[in-house]
Amino acid sequence: MDLEFQNYSTLPKYAFQNRYQEFEETKHLSKEEKEAHYPFDKMEEECGIFGLHSTENLDTFSLSQFGLFALQHRGQEACGIAVGNNGKILSVKDEGLVLDVFKTIEEPQQYMGSTVIGHTRYTTAGDKKKYNFQPFFAKNEYDQIILSIAHNGNLTNAKQLRKELEDEGVVFRATSDTEVILRLIQKNLDLGLRGAIKATMEKIEGAYSVVGITRNKFFAFRDFNGIRPLVLGAIDENTFVVASESCALDGVGAQYVRDVLPGEIIYTSDNEEGLQSYLVKDDCVNRICAFEYIYFARPDSTLEGINVHEVREQSGKKIWEQAPVEADIVIGVPDSGVPAAIGFSKASGIPFRPVLIKNRYIGRSFIIPSQEMREHLVNLKLNPIVSEIKGKRVVIIDDSIVRGTTSKRLVKILKKAGVKEIHFRSVSPPIIAPCFLGIDTPTKDDLISANMNKEELRKYLDVDSLEFLSVDNLINILGSPNHCFGCFTEKYPVANPEAVALF
């Protein structure tokens, strides 16, 4: 299927990198030591990707900065860009937040061109080497960059493919599965760009959304299940944008066109005008990760035509219908629990109060050797307005319960503040299985809902009642049973590889 970009308004609307290494490094730790290793009890996204292409030269330095800044929530430990201009590719990447990295770039005019891709990275423990920062690039024999890609997701057969390529003489310089994608495309470039990407997609398995450039072309593609998000937008008829979320389109003044389809390649060609589209398979079923809506995506983003804020507010309404309770106030755990708390309040008539104050400058870099000091950590991140909750019956709404440690400490803080009753509501189903498709999750041994039933967990948290949104209600809110619900059901769109060292 070939679609010219000039008619974009009529287009159809449609990893887990080195987690095994982290498991090996932490499996010997005690429960308390693991809590120090993971100071904040949340699942984390691996990264966000951004790409822009125009027929004209633009301020790609600023536009990529704006786009990546809008995706900062998807990764806070490193970022980078690769810019194409007049047949040359120049790349820069470093550890740090987007604005901090861009501040260190000397001579920004060097990064002006017609094409740019970028990446924000969430780095797992033991994987903070600069050679794993993205975008990745390949060079020719003249030490010139000829190909660069940025990737969100995880390949489940990366180890096997890497060995095959190494047996053929390919030299790897990093430990990320992103380089496997890069080397496969590079190996097959004699098939033409589209042919090389198609051959690569037919070899790799798992979850992946990819943006990339050659010295004179732009491309993007998405896995056959569409597990990780990828949206397409346009600034004008000559300039289009691809990104992990629609909030990045807004950040550069682009109009949302549609989501890139599962199994679709978006690319430019020497022989055809405009942006082209090619479906490697035309029978794909969209199985985008349900947790994108629950926690990862920004609330102002739209994915697959569904607004994230609306999903979160509806989840609050649904859990009230599922588990009503008498209470005086509803509070939401910032940030993703707040829309659900508002929905719960609207449905129940119980007033919502924003009484949990979040410290927005806190990071993940704490090294906390003692249990006594760890007890203070939640107070640093979230602190209540005592006068609003003392003597009250409170409903806490949170997006999920992962290890349960932060939830337990939050309950302890509220009890210390004089709360009369605490009713805990999670607007995701119980998380019973780790993700191997591009999300940083604990092992199953550390997922509290995989090891306790609801009543045991209620007692552990020391709350008066506990309820999780049911999978059926989540499906009802999302409007389809085809999403990836693997962390709730242990049934994944692709097979789970054996838990052995990735590289």
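Where does P135 lie? P135 is in the loop between β5 (113-121) and β6 (136-139); helices (H or I, at least four residues) and strands (E, at least two) are DSSP runs, numbered from the N terminus. The model is a predicted one, in which local features need pLDDT of at least 70 and side-chain atom pairs count only at pLDDT 80 or more, while totals for chains, interfaces and linings use all residues. Residues are numbered from 1 along each chain as its sequence is written, and side-chain values use heavy atoms, with hydrogens and water left out.

**View 1. Two cis peptide bonds, at Q134-P135 and at P334-D335.**
The bond that joins Q134 and P135 is cis, with omega about 5°. The bond between P334 and D335 is also cis, and its omega is about -5°. D335 belongs to the loop between β17 and α11 (337-348). Most residues other than glycine have a negative phi, and most peptide bonds are trans.

**View 2. Positive phi at E304 and at E490.**
E304 is not a glycine, yet its phi is positive, about 55°. It sits in the loop between β15 and β16 (306-307). E490, likewise not a glycine, has a positive phi of about 65°. Its place is the segment after α19 (486-489). With a relative accessible area of 40%, E490 is partly exposed; buried means under 20% relative accessible area, exposed over 50%, and partly exposed in between (1.4 Å probe, protein chains only).

**View 3. An open sheet of 7 strands.**
The strand order is β4-β3-β5-β2-β11-β10-β12, with antiparallel pairing; two strands pair if DSSP finds at least two bridges between them. At the edges are β4 (88-95) and β12 (255-259), each of which pairs on one side only. Neighbouring strands of this sheet are turned by 15° against each other on average, direction ignored. For that angle, axes are lines fitted to C-alpha atoms, for helices over the stretch in contact, and angles run from 0 to 180 degrees between N-to-C directions. Within the sheet, strand β2 (residues 47-58) and strand β11 (residues 239-243) are antiparallel and share 5 bridges. L52 has V241 in β11 as its bridge partner.

**View 4. Strand β20 between its parallel partners β17 and β21.**
Strand β17 (residues 329-332) runs parallel to β20 and is joined to it by 4 bridges. In this pairing V330 stands opposite V395 in β20. Strand β21 (residues 421-426) also pairs with β20 in the parallel sense, over 6 bridges. Here R393 is opposite E421 in β21. Of the 6 residues of β20, 5 are buried, so the strand is largely enclosed by the rest of the structure.

**View 5. Positions listed by UniProt as "binding site".**
The unreviewed UniProt entry lists S336, D398 and D399 under this heading. UniProt positions are given in the numbering used here, feature names are shortened, and annotations may be inferred rather than shown by experiment. D398 lies in strand β20 (residues 393-398) and is buried, with a relative accessible area of 5%. D399 is in the loop between β20 and α15 (405-416); at 1% relative accessibility, D399 is buried too.

**View 6. Nonpolar cores and the surroundings of F488.**
The largest nonpolar core has 68 residues, and those with the most contacts inside it are F50, F344 and F488. A nonpolar core is a set of buried Ala, Val, Leu, Ile, Met, Phe, Trp, Tyr and Cys residues joined through side-chain atoms within 4.5 Å. This core draws at least three residues from each of domain 1 (44-286) and domain 2 (307-360 + 367-480), where the bounds come from an automatic or database domain assignment. Not counting residues up to four places away in sequence, F488 touches, among others, A290, F291, I294, P430 and L474; contact means heavy atoms within 4.5 Å.

**View 7. The loop residue R298.**
R298 is in the loop between α9 (291-296) and β15 (302-303), and at 28% relative accessibility it is partly exposed. Leaving out residues up to four places away in sequence, R298 touches A70, H73, E245, C247 and V308. The C-alpha atoms of R298 and S246 are separated by 9.0 Å, with the two residues 52 apart along the chain.
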